[in-house]
Structure formats: C-alpha cells, structure tokens
Amino acid sequence: MSKALDGVRILDFTHVQSGPTCTQLLAWFGADVIKVERPGVGDITRGQLRDIPGVDSLYFTMLNHNKRSITIDSKHTKGKELLEELIRTCDVLVENFAPGALDRMGFTWERVQQLNPRMIMASVKGFGPGPYEECKVYENVAQCAGGAASTTGFDDGPPLVTGAQIGDSGTGLHLALGIVAALYQRNATGRGQRVLAAMQDGVLNLCRVKLRDQQRLAHGPLKEYPQYPFGEFGESVPRAGNASGGGQPGSILKCKGWESDPNAYIYFITQAPVWDKICKVIGKEEWITDPEYAKPEARLPHLVEIFATIEAWTMTKGKLEAMAILNEYDIPCGPILSMKEIAEEQSLRDTGTVVEIDHPTRGKYLSVGNPIKMSDSITEVTRSPLLGEHTDEILRDVLKFDEAKIAEFKNSGAMTPPTRVAAE
C-alpha cells in the first residue's frame, strides 16, 4: 500500500527529542528519512539513560523508528561535499541545533537555497525572533517560558512542569505540520521555504485556554476555578489544581483502594446536560430542583461540596467499575491509568497506538506508534537504525555513487571517527 508521503526525502539533522519526534512522524507517513549522525557517536540519546550496556537506549529507539542512518563528519572536507550532495537530492532539511550552529557549519539558508531552490528548511528553536532567540532551551525550560508551568499545580504550591513532553514532542508535532504545509505549497510555487517552530510558541499554543482566562480575569473572578468564591485572584491566571480548563467543572476524585494504589482515581466532569443523571447516580436527586444546584451558574460557589459528595460515591467503586457505571449515563469521566496499565492495554495494541518492536541488539521492546490513523496510509512501525547502518545503501541508492566513489568517500575519513593522535 502506498503511503501519504511516498517520494518525499528528508535530510534529518536532528537529535534528542523535538526534531526526532517530527522526522519520525514524517517517516511513519512514508517519507524516506536519512538521519545524519556523527561517526562513532551518533545522536547523543543513543547512550543516554541506557538500561542495557552497549545497546541503544530506549530514549533513542522510541524516537527514531523507520529511519535510515548515515555517519558523516561535517567538519571534514569530503563530509561537507557529501552533505551538499544530499541537500541537492532531498526535499526537506530538518534541524534542531543550537542557534547559529548550522550557519557555522556552512549551511546557511542562502547556501542551502543555492544548492537546492526547492529545499524546505525546517527548524526547531527554543524561542522565536526577539531578546531570547539565542538561548538554548530544553523541555522544562519551554514549559516555563511558554506559560504552562505557571498555570500548573495547586495554588498553595510552586509552579509545576507536566510529565507530558509538550515542549519537545509537542513542538516536533507542530513542525511536522509546517513541513507538510510547505510541501503542499511547493506544488504551486515550485519553491522551498523556511519553516520555524519555536518551543515557547508551541507550548503557548497548547496553553491557549490560559491566555483566554488571563483576558477574562480583567472582567471579574474566574468562577470555575477553585479559588472562587472564597479565595483571591491576583493579576495573572492562578494555578487551578485538577480543575477543568473548560467550561465544564471537573476534578480528580479518589476511588476504592486509593490508600494503597497511587492511581486509584478517576477524573469526573459535572457536565451540565447530564446533571440530572449525576444527581441520581450519587443519590442526591434533591439537587435536581434545588435552586442552589439546579443551574450551572448556581453550582459554581458549591463546587467543593459537590465534588466531595461525588467522591464519597466514587470511593465505594473501583475506577474501572465507576467508569462503566457513569458511561451508562453518558457522564464524562476517565480513569487515571498508570503506564503499566497502558502498556498492558490490549485495545491500544490492536490499534497500533502501542507497538512491540524487535531490535537486533535490544530484543523486543514497547513503543508508542503513530497517534494519527489514516485509512489509505497505514503506518508500519519499523525499528530504529543502528549507527551508520545504511551508509553504503544511501551512497549507492540515493546519491547513485558507484563502488569506486563509495570507496573514495569511505577511505577519506569523512565517515569514520577522527583519529586521535596519542600523546608522546
């Protein structure tokens, strides 16, 4: 079966997480992703958080499926020549180097355009143009600079970062969309273009409801926040604990067994259209007609009491039992699933959201599959490449080098670790 991005070739200069997330997604859609790595070293994550000695880490394998690896020393004359050949051949160059690194390598936007006017040059950076654009940014820095941390956590505690990688992986997803849009536009213009996804911008895009609330705050208290009606609101959006970020109040509630199971909880939303059903399920039918509870606006000052009452009911049920009962009445809820439960969930295996991969040195491991499902572009997740595994293949099949030219480049030292001269 054909894939959505068949025929698109990506020159992947990315490392760690944000860039590899982007290029892996493109590879899942069928693009030929050629990952350029330093000879003898490769992507730094090959060795980070390594759990098996001498084997590529899960950090690397789970971000680099469906790619081909070639090793090139970009500082070597022949290495630069090889990179120029690849730029001429590829459709998209993706990088997430520190600001200015690609320019120092000699591959400015202007130079790339000279080599290939149709090339799309896509970058992840920490900040967009402005006073901080030269700063290095990592996941938690992006969450803080993008507004997520200031609005995460409980009001009486410090700001918190989330375990979801919204700075790295979130920005990689944004960049992938930009690349696909640029490819589409190139069909009409014939020209490449630059695509930038700044991590601060990506995080802020995912925090848009908090920017919404910042503006609402100028017109009075945010009544769906737990600070209302007894707490105080300052000049900026406060942390709201587990309160819902939308117009339907929600909270995380204890379930049966919470004393020993840290994940025996359920998220419960008091959606207005099913309020009558909620009252019947928890045994508070008098709230259906009580003027202090009957309407959404009237309920807002009583949310603490309402959720405490609902929690008294959920604590008598296991989280999956509670979910089954609540779903019979179309009451929105969701169990707090641990990573162990997710790894063992058969339905996620069946849909390809969780996949089992066989690796030649690691053996079998679990990974996240393509979160986007397409009926005419079915994703097949293949293992990550070994360092430099496809070097000969790329030289032969992509650049069309004959055996003599392959030997010329390989013997030049441009594709092997630099030789260190021993001290006398």
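Contact here means heavy atoms within 4.5 Å, and helices (H or I, at least four residues) and strands (E, at least two) are DSSP runs, numbered from the N terminus. This is a predicted model, in which local features need pLDDT of at least 70, side-chain atom pairs count only at pLDDT 80 or more, and totals for chains, interfaces and linings use all residues. Residues are numbered from 1 along each chain as its sequence is written, and side-chain values use heavy atoms, with hydrogens and water left out.

View 1. Helix H16 (residues 391-398) lies across strand S1 (9-13), S2 and S3, and runs at about 100° to S3, where axes are lines fitted to C-alpha atoms, for helices over the stretch in contact, and angles run from 0 to 180 degrees between N-to-C directions. The open sheet has six strands in the order S3-S2-S1-S4-S5-S6, with parallel pairing, two strands being paired if DSSP finds at least two bridges between them. Its edge strands, which each pair on one side only, are S3 (67-71) and S6 (194-198).

**View 2. Strands S2 and S3.** Strand S2 (residues 32-37) runs parallel to S3 and is joined to it by five bridges. Within this pair, Val 33 stands opposite Lys 67 in S3.

**View 3. Helix H8 and its neighbours.** Helix H8 lies across strand S5 (120-125) and S6, and runs at about 65° to S6. Helix H7 (residues 168-189) packs with H8 (residues 199-206) at an angle of about 95°, their axes being 9 Å apart. On the H7 side, Asp 168, Thr 171 and His 174 meet Met 199, Gly 202, Asn 205 and Leu 206 in H8.
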